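Entries follow in the order I checked them.

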Amino acid sequence: MEDQTQRKPRILCLHGFRTSGEILKQLVLRWPEPVIQKLELVFLDGQFPSLGRSDVEGIFDPPYYEWFQANEDFSEYRNFEECLAYIQDFMLKNGPFDGVLGFSQGAILAAALPGMQAQGVALGKVEKIKFLIVISGAKFGGNKFGMPKLASNAFSKPIDCLSLHFIGEKDFMKEESVALLEAFQNPVVIHHPKGHTVPKLDDKSLEIMVNFTDRIQRMI
């Protein structure tokens with residue numbers, strides 16, 4: 001009988017604004033085999049078809065999706081509650097999941113999930129999220145983004161959830177990504193020279209990533 005301790009960590013992957021699960025999959029699968037083969041990655045499309053132009057038009061094929069909507073200055077949100085219900089429903093039907101990976105809008109969402117789950121306002125019917133991989137993330141309630149009502153206490157105390165954060169030197173979200181680190185206990189960080197993207201891994205990044213995957217493997 002197969003040793004149950006050797007199952008791969010299952011990770012729900014949340015794409016960026018007006019992209020798709022397929023697009024995120026193409027980006028993440030550029031990571032080296034020693035990382036990819038250790039993980040079971042499940043890519044979900046946002047519930048809402050894109051309501052406007054996508055920044056990836058002409059680079060990646062449609063369709064494009066979004067997780068929720070916001071007004072121009074990100075002070076008010078729409079469909080945030082629906083988004084959380086949609087993710088929980090998917091996790092119930094396709095889980096269990098051990099962790100969540102997010103990029104950009106998906107990373108902002110992912111970063112808030114453990115705190116909301118601990119507060120009992122989201123993902124109450126699924127197992128506790130054990131770890132996060134946050135790529136170009138930010139914090140609701142930070143300098144750039146307002147706070148959806150349901151997330152109002154998500155960062156009220158340090159997030160006790162193993163986390164790996166990718167921060168790009170040329171990313172327009174760099175400042176927000178750095179600020180997000182303060183919300184987590186003992187965050188692991190990969191710095192990369194690129195902008196707002198899922199970076200390929202150099203030797204140092206690969207070492208950090210492999211160590212992180214080994215930690216989550218032991219944890220599950």
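The model is predicted, so I took local features only at pLDDT of at least 70 and side-chain atom pairs only at pLDDT 80 or more, while totals for chains, interfaces and linings use all residues. Residues are numbered from 1 along each chain as its sequence is written, and side-chain values use heavy atoms, with hydrogens and water left out.

**Entry 1: salt bridges.** I counted a salt bridge where a side-chain nitrogen of Lys or Arg is within 4 Å of a carboxyl oxygen of Asp or Glu. That rule gives 9 salt bridges. For elements I used DSSP runs numbered from the N terminus: helices (H or I) of at least four residues and strands (E) of at least two.

I looked up glutamate 66 and arginine 18. Their closest N and O atoms are 2.8 Å apart, and they form a salt bridge. Glutamate 66 sits in strand E4 (residues 65-66) and arginine 18 in the loop between strand E1 (10-14) and helix H1 (21-28), so the pair ties together parts 48 residues apart in sequence. Glutamate 66 is buried at 1% relative accessibility. Arginine 18 is buried too, at 17%.

Next came lysine 38 with aspartate 214. This salt bridge has its closest N and O atoms 2.9 Å apart. Lysine 38 is in the loop between helix H2 (33-36) and strand E2 (40-44), and aspartate 214 is in helix H6 (residues 203-219), so the pair ties together parts 176 residues apart in sequence. Lysine 38 is partly exposed at 26%. Aspartate 214 is partly exposed at 27%.

Then I checked aspartate 98 and lysine 130. Their salt bridge has its closest N and O atoms 3.0 Å apart. Aspartate 98 lies in the loop between helix H3 (80-94) and strand E7 (99-103), and lysine 130 in the loop between helix H4 (105-119) and strand E8 (131-135), so the pair ties together parts 32 residues apart in sequence. Aspartate 98 is buried at 3%, whereas lysine 130 is partly exposed at 25%. Salt bridges with shared partners join Arg7, Asp98, Glu127 and Lys130 into one network.

**Entry 2: helix H1.** Which residues of H1 are buried? I found Gly21, Ile23, Leu24, Leu27 and Val28.

**Entry 3: E1 and E2.** I called two strands paired if DSSP finds at least two bridges between them. E1 and E2 pair in the parallel sense over 5 bridges. Leucine 12 stands opposite valine 42 in E2. In E2, 4 of the 5 residues are buried.

**Entry 4: the largest pocket.** I searched a 1 Å grid over the protein atoms alone; a pocket is an open set of points with protein on both sides within 12 Å along at least five of seven lines, and lining residues have an atom within 4 Å of a point. Grid points join across faces, edges and corners, and the volume is the space filled by probe spheres set on them. The largest pocket holds about 790 Å³. Its lining has 33 residues, of which Phe17, Arg18, Asp55, Ser104 and Gln105 lie nearest the centre. H1, strand E5 (69-70), strand E6 (77-78) and H4 each give two or more residues to that lining. H1 gives the most, with 3 residues.

Conventions:
Buried < 20%, exposed > 50% of the residue type's maximum accessible area, 1.4 Å probe, protein only. 1 Å grid on protein atoms, 1.4 Å probe; cavity = no way out; pocket = protein on both sides within 12 Å on 5 of 7 lines; lining within 4 Å.
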